[in-house]
Amino acid sequence: MKGRGLGSEVLIVGAGLTGAVIGRELAEAGQKVRIVEARPHVAGNCHTERDPETGVMVHVYGPHIFHTGDPEVWAYVNAHQRFRPYAHRVRAVAAGRVHALPINLLTINQFFGETLRPDEARAFLAAQAEPGDGPPVSFEECALGMLGRPLYEAFFKGYTQKQWGCEPADLPASILTRLPVRFDYNDAYFSHPFQGLPEGGYTAMVASILDHPGIRVELNTPYDPSMRAGAAHVFWSGPLDAWFGHDRGRLAYRTLDFERFTHRGDWQGCAVMNYCDAGVPWTRITEHKHFAPWENHDSSVLYREYSRAAGPGDIPYYPVRLVAEKALLRDYAARAEAETGVSFAGRLGSYRYLDMDVAIREALDTARAFLAARAAGLKP
Ligand code: UDP
């Protein structure tokens with residue numbers, strides 16, 4: 001690598017999963033790494049901590065369930081934390097009744113008051129489907145084509161309006177296709193072969209990833225452009241548009257607000273209850289102790305979750321990727337591509353709705369590509 005030299009430190013902005021995995025991979029290869037993190041903790045939005053009143057491990061920024069089909073990623077996280085078996089099941093209140101999500105044969109039969117078998121349910125939904133002219137582009141077209149109007153309106157329309165602050169017709173179909181539709185009684189939320197939750201929480205897992213003599217982490221340290229001086233390379237895992245000072249406008253992100261409350265005993269009987277009706281202002285309620293069924297807690301702590309547009313100073317959670325926002329995103333992405341000495345990574349840095357396992361996979365690949373380019377004498 002030309003320029004600032006091999007010996008100098010690599011700077012990573014953000015100590016979430018992406019920054020930690022890239023840092024560890026580089027440190028294992030002998031590179032000195034400095035990681036700056038604006039918040040007072042590592043692990044980004046998968047940060048967990050014990051609730052001081054109840055002792056329950058809380059997913060501070062909302063529920064994070066680890067699931068993957070990638071054996072290397074599964075081995076990686078297990079090397080840093082003991083994972084306990086956990087099968088995520090979600091319930092949803094729609095039109096005043098409780099149903100199982102994702103939509104499965106039980107949901108279909110209970111919602112319509114039927115006793116359909118799998119093939120009958122397929123035919124039943126196919127008869128309700130409203131296919132469009134071409135391949136579905138938007139969330140709404142995709143949902144209507146797959147499920148028909150009654151299920152779309154009960155389970156997806158109101159929730160999606162609340163979660164994303166816009167009409168499902170303006171969102172990409174990829175958001176809907178995160179959820180399966182099943183014609184059997186399997187009500188597991190995820191279909192991946194590997195799933196679990198870290199016994200000591202995600203923050204302990206990320207702290208273990210960062211625990212390497214070649215890595216120094218500075219918390220409460222927002223990025224400042226002067227930090228670039230002397231850095232051999234920068235990995236930016238903050239919001240893509242923030243790197244450019246939002247100079248062409250702001251990409252839309254959603255942020256979340258949580259209303260905490262406690263209860264003695266079991267308040268809702270499951271980890272996550274979604275509220276699909278538009279008239280209920282929150283999207284879901286999380287009862288954190290159900291994420292650790294191996295622990296015993298009499299008291300319970302719950303978070304009622306509200307979504308809103310992220311303004312300056314808010315923590316960004318979800319890139320919105322409005323169909324109408326594509327030109328602005330393309331502009332920032334092209335400039336990021338052209339930037340030398342900086343790599344953009346992670347959910348915020350690439351402005352994509354990445355799951356944790358994908359963030360880890362991409363971070364491993366990014367670090368390895370960087371090391372390979374450097375070994376080949378190229379400037380990454
Ligand atoms: N969704 C919905 N109703 C639900 C659950 C999900 O409409 O009860 C839609 C909503 O648009 C959501 C998307 O499906 O943003 C993806 O859901 P997922 O559970 O993957 O969201 P996350 O847990 O990542 O917030």
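Two residues are in contact when they have heavy atoms within 4.5 Å of each other. Keep that in mind as you select Phe66: leaving out residues up to four places away in sequence, Phe66 touches Val73, Trp74, Val77, Phe83, Phe194, Gln195, Gly196, Leu197, Tyr202, Met356, Asp357 and Ile360.

A word on what you have open: this is a predicted model, where local features need pLDDT of at least 70 and side-chain atom pairs count only at pLDDT 80 or more, while totals for chains, interfaces and linings use all residues. Residues are numbered from 1 along each chain as its sequence is written, and side-chain values use heavy atoms, with hydrogens and water left out.

**The cores**

A nonpolar core here is a set of buried Ala, Val, Leu, Ile, Met, Phe, Trp, Tyr and Cys residues joined through side-chain atoms within 4.5 Å, and buried means under 20% relative accessible area, exposed over 50% and partly exposed in between (1.4 Å probe, protein chains only).

Most residues other than glycine have a negative phi, and most peptide bonds are trans. Go to Leu101 and Pro102: the peptide bond from Leu101 to Pro102 is cis, with omega near -5°. Pro102 sits in the loop between strand E8 (97-101) and helix H3 (105-112). Helices (H or I, at least four residues) and strands (E, at least two) are DSSP runs, numbered from the N terminus.

Next, select Ala95, in the loop between strand E7 (90-94) and E8. Ala95 is not a glycine, yet has a positive phi of about 50°. Is Ala95 buried or exposed? Ala95 is exposed, at a relative accessible area of 60%.

Then jump to His246, in the loop between helix H8 (240-243) and strand E12 (253-264). His246 also has a positive phi, near 55°, and counts as partly exposed at 23% relative accessibility.
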